[in-house]
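Colleague: I would like a close look at one part of this model, and then at what surrounds it. Please keep the answer connected.

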Amino acid sequence: MDAQGALKIAGIASAGYSAQMIGVPTLANKLYFKEGHPENKNMSRWFGHALATCSAAQILASGDSQPSKARKAVLLASAGQYLTAPLTMLSQKEFKPEMVALNTVTCGVVGALCLKAALKE
């Protein structure tokens with residue numbers, strides 16, 4: 001997969017996570033966290049906002065058809081975003097194990113695609 005494709009996938013994935021956190025924070029809390037985890041809609045929406053800006057950068061960079069330092073930087077940042085997300089989930093006991101597993105696979109694939117594309121730049 002080329003850099004443009006990897007960035008489009010990362011951008012769509014970031015937009016999906018963002019939409020959950022901004023649009024349905026109560027559902028996101030129930031989906032990701034174990035029962036009894038305190039809900040904080042403000043923090044969920046703030047996290048969603050951050051993910052929305054990541055998505056925008058990824059989608060915008062996917063339009064750059066030629067290798068550039070900027071595109072490589074977005075690819076590396078995206079790889080970091082997606083490859084460290086599972087580590088964050090694993091380090092906290094509040095996440096549901098099935099969500100840790102699913103997000104480890106999903107984020108691992110997206111992160112690996114971005115890293116592979118960045119190393120080709």
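Where is Leu 115 found? Please start there and work through to the other side of the fold.

Modeller: The model is predicted, and what follows is computed from it. Leu 115 is found in helix H5. Leu 115 belongs to a nonpolar patch on the surface, together with Leu 76, Leu 83 and Leu 119. The four leucines have about 350 Å² of accessible area together. Helices H4 and H5 each supply at least two residues of this patch.

Neighbours within four places in sequence aside, Met 89 is in contact with Tyr 32, Phe 95, Met 99, Val 100 and Asn 103.

H4 and the segment after H5 are joined by a charged pair as well. Arg 71 forms a salt bridge with Glu 121, and their closest N and O atoms are 2.5 Å apart. The pair links distant parts of the chain, since Arg 71 is in helix H4 and Glu 121 in the segment after H5, 50 residues apart. A search of the whole structure finds one salt bridge. Arg 71 has a relative accessible area of 6%, so it falls under the 20% limit and is buried. Glu 121 is partly exposed, at 26% relative accessibility.

The buried residues of H2 are Pro 25, Ala 28, Asn 29 and Tyr 32. Seen down the helix axis, these buried residues fall within an arc of 100°, so they line one face of H2. An α-helix has 3.6 residues a turn, so residues three or four places apart point the same way. Leu 27 and Lys 30 are exposed on the other side of H2. The buried residues of H2 pack against H1, H3, H4 and H5.

On the H1 side, consider Gln 20, which is in helix H1 and partly exposed at 24% relative accessible area. Apart from neighbours within four places in sequence, Gln 20 is in contact with Pro 25, Ala 28, Leu 31 and Tyr 32. Gln 20 and Ser 44 are 24 residues apart along the chain, and their C-alpha atoms are separated by 8.8 Å.

Beyond H2 comes the loop between H2 and H3, where Phe 33 is placed. Neighbours within four places set aside, Phe 33 is in contact with Ala 28, Glu 94, Phe 95 and Lys 96. Phe 33 and Phe 95 are 62 residues apart in sequence, yet their C-alpha atoms are 4.3 Å apart.

Not counting residues up to four places away in sequence, Glu 39 touches Pro 25, Thr 26 and Asn 29. Pro 25 and Asn 29 are among the buried residues of H2. From Glu 39 to Ala 117, C-alpha to C-alpha, the separation is 37 Å across 78 residues of sequence.

Note on methods:
Residues numbered from 1 in each chain as written. Predicted model: local features only at pLDDT ≥ 70, side-chain atom pairs only at ≥ 80, totals over all residues. Heavy atoms only, no water. Contact = heavy atoms within 4.5 Å. Patch = residues over 30% accessible without salt bridge, like charges linked within 9 Å, V, L, I, M, F, W, Y side chains within 5 Å. Areas by Shrake-Rupley, 256 points an atom, 1.4 Å probe, with all protein chains shown as cover. Salt bridge = Lys/Arg side-chain N within 4 Å of Asp/Glu carboxyl O. Helix = DSSP H or I, 4+ residues; strand = E, 2+ residues; numbered from the N terminus. Buried < 20%, exposed > 50% of the residue type's maximum accessible area, 1.4 Å probe, protein only. Arc of directions from axis to C-beta.
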